[in-house]
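I opened a new notebook page for this structure. The plan is to go chain by chain, then to look at what touches what.

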Amino acid sequence: MNEKLYLEDEENLGTQVDESYDQVYCRPSTLTDVPFHYCPGCGHSVVHKVLMEVIDELGIQEETIGVAPVGCSVFAYQYMNIDMQEAAHGRASAVATGVKRVLPDKYVFSYQGDGDLAAIGTAETIHTVNRGENILMLFINNGIYGMTGGQMAPTSLIGQVTSTSPYGREAAQVGNPIKIADMLCLLPGAYYVTRQIVHNPNGVRKLKKALIKSFEYQKQKKGTCFIEVVSNCPSGWKMTPVETIKYIEEQMLPMYPVGDLKVPQN
Amino acid sequence: MLILVTLLAAQLPCLIANVVRGGPGLGTIQPSQGDYFQATKGGGHGDYHLIVLAPSSVQEMADFVFDGFRLAEKYRNPVMILSDGALGQMMEKVILPEEGSLPKTTPAWATTGKKKEREHNVITSLFIQPEEMEQVNLRLQEKYKAIQSEVRYEEIQTEDAEILLVAFGLSSRICQKTVDLAREKGIKVGLLRPITVYPYPYARLNELASQVEFMLTVEMNAGQMVEDVRLAVEGKVPVHFIGRMGGMILSPEDILHKLESVHESHNAVNV
Amino acid sequence: MAKGTIKVDGKICKGCELCIVACPQDALALSMNFNDKGYRFAELINDACTGCTNCALVCPEAAIKVYREPKPAKKVQA
């Protein structure tokens, strides 16, 4: 049907746009031009994009320092066009603490997955929040170790089949999924704890609001803001990106319900 | 060690104080020099070195904090102060360096917020492409070459020495007494104390090897620095060793006794 | 309903189809063509787009630009 099967450089933007139209959405300038290495449909990319959009809109690119984790998002600093540090596995919140204490007037965030934040980095996570460090901790929960080949994570669901739980996760053997955001609410240092999603447009809009709020609270030096994003892992879950939407809604969200878990008291 | 190697590959300046206790394991809480290999030869993965300062007094422990930070900033490399359980608990007169004697600088590579006029700064120890990792290694090796110029050591009565004691840290203090005791008996003993154990004073030890009859390395371990002494003298003279482990400390008399017995056996061979 | 349109950067689109699911107007589909990574990329298939930005919000690659016709009030001012 098509004579040419592959795209040429000039043609990759498709549609012609009426000149009178306003541009209402584009790639934020705070993202570099490097294309994401993530698998098709991965929630990491969406969170990267939304986070950078917020930094762009708030105009705090020069004031923000991020800390990248170990895991799929280990290369977050290649995409986020801000000053960034790469932490050892699980230690992002400790590094972010250091950065924030040296530069208390800058915005500092850590970005971690569940294998990083909720497994090897549990101690750092709990103590950072307990100290009420004025940072934003972003926690991407997809219930699996994505980078290393889909192994079971502490957040994997009961019955979830992974490469290290081929017959499904059993609570008797490896315990129940850990709800780290709920645990952190108990700590006085936690100022704002919320759980969000990115698999539908409204979820993305709400995440954006939560991010804006968190940076605002950080400016006011209120304490730790913790945003969990229930995300997907099409490759690790062995699903198409569209199938992961159903899985999140039917399996993940009953365990990790969306919404604010701790909001400022005033 | 993972964190240390991460700091190193990311070329972050930092100062680590290692007050060594008897090991391995949880071990004892008494002094030891058993971490010499770990401090100078690695212990983490990859080709790397720390700059290692070995104080032998409380004054040096204080001074080396400043020297350590200066070196760390200059070379963007972690520095270790290799002390031990006795120095760590010792009370001595000490003159503290003046407050503010370290310059506060913000280096260009620091993550202080991306300015419009520059690219974003990234501090990472991840170089996933082997070609890139090799380049990082080559740069590190260049740096270690430059660091060799920072070698520091102290010599005590080496001018006319016929026997040389080599010891660092606490052991070198004990050896000073041994030197006095031996000289009272008419044995011409000198002492070389490496102040930096990385970089190591190989060249000076090699020179002294042409002057002395033999060397005796004194350490509170099973014999770790003795390997560096042997490397330094290149077989010119015999290198002997005396040490105790697990938190035990040698007395000056122990060392003198060893020194005399080695001296006698050498004389017996020579006769 | 406002009229809108989008531009998809077919070079970086990975064909995950999340935008297709998110589009309330069913105005998107995967192209029959491939980009140089071997992915079929998303493209507009009709003129039902209202510029609601849903597709762009869920796009993991930040590959979609959204355009909308100006609001009538704005036109009067101009």
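Entry 1, chain C. I began with chain C and counted 3 helices and 4 strands. Read from the N terminus, its elements follow the order β-α-β-β-α-β-α. I noted that this is a predicted model. The mean pLDDT of chain C is 91, and 92% of its residues score at least 70. For the model I wrote down an ipTM of 0.90 and a pTM of 0.90.

I then took the extent of chain C. Its C-alpha atoms fill a box of roughly 45 × 20 × 20 Å along the principal axes. The chain has 78 residues, and 51% of them are buried. I also looked up how far apart in sequence the contacting residues are. Of the contacts in chain C between residues at least 6 apart in sequence, 66% join residues at least 24 apart.

I looked next for the largest nonpolar core and found one of 94 residues. The residues with the most contacts inside this core are A:Leu138, A:Phe226, C:Cys19 and C:Cys55. Helix α1 of chain A (residues 43-58) gives the core its largest share, 7 residues.

I followed up C:Cys55. Leaving out residues up to four places away in sequence, C:Cys55 touches C:Ile6, C:Cys19, C:Ala22, C:Cys23, C:Leu28 and C:Ile64. Another core, of 56 residues, lies apart from the largest one. Among its residues I noted B:Ala39, B:Ala54, B:Ala161 and B:Leu191.

Entry 4, chain A against chain B. Here 17 residues of chain A are in contact with 15 residues of chain B. On the chain A side, β2 (64-68) and β3 (83-86) are the elements that give two or more residues. β3(A) supplies the largest share of that side, 4 residues. By class, I counted 8 nonpolar, 4 polar and 5 charged residues on the side of chain A that touches chain B.

I also checked chain B against chain C. No contact joins them, and their closest C-alpha atoms are 20 Å apart.

How many helices and strands does chain B have? I found 8 helices and 10 strands. Along the principal axes, the C-alpha trace of chain B spans about 75 × 40 × 35 Å. Chain B has 271 residues, of which 38% are buried. Among its contacts between residues at least 6 apart in sequence, 76% join residues at least 24 apart.

Domain 1 covers 2-150 and domain 2 covers 154-270. Taken over C-alpha atoms, the centres of the two domains of chain B are 28 Å apart. In chain B, 28 residues of domain 1 are in contact with 22 residues of domain 2. On the domain 1 side, α2 (36-41), β2 (51-53) and β3 (78-84) of chain B each supply at least two residues. The largest share of that side, 4 residues, comes from α2(B). By class, the domain 1 side has 14 nonpolar, 11 polar and 3 charged residues.

I picked helix α5 of chain B, residues 169-184, which has 16 residues. From its first C-alpha to its last, α5(B) reaches 24 Å, close to the 22 Å expected at 1.5 Å a residue.

Which residues of α5(B) are buried? I listed B:Gly169, B:Leu170, B:Ser171, B:Ser172, B:Ile174, B:Cys175, B:Thr178, B:Val179 and B:Ala182. Last, I looked just past the end of α5(B), where B:Gly186 takes a positive phi of about 90 degrees.

Methods: Residues are numbered from 1 along each chain as its sequence is written. Chains are lettered from A and ligands numbered from 1 in the order in which they are written. This is a predicted model: local features need pLDDT of at least 70, side-chain atom pairs count only at pLDDT 80 or more; totals for chains, interfaces and linings use all residues. Domain bounds come from an automatic or database domain assignment. Two residues are in contact if their C-beta atoms, placed from the backbone, lie within 7 Å. Ala, Val, Leu, Ile, Met, Phe, Trp, Tyr, Cys and Pro count as nonpolar, Asp, Glu, Lys and Arg as charged, and the others, Gly among them, as polar. A nonpolar core is a set of buried Ala, Val, Leu, Ile, Met, Phe, Trp, Tyr and Cys residues joined through C-beta atoms within 7 Å. A residue is buried if 20 or more other C-beta atoms lie within 10 Å of its own, exposed if 12 or fewer, and partly exposed in between; C-beta atoms are placed from the backbone. pLDDT is the predictor's confidence in each residue, from 0 to 100. The expected span of a helix is 1.5 Å times one less than its number of residues.
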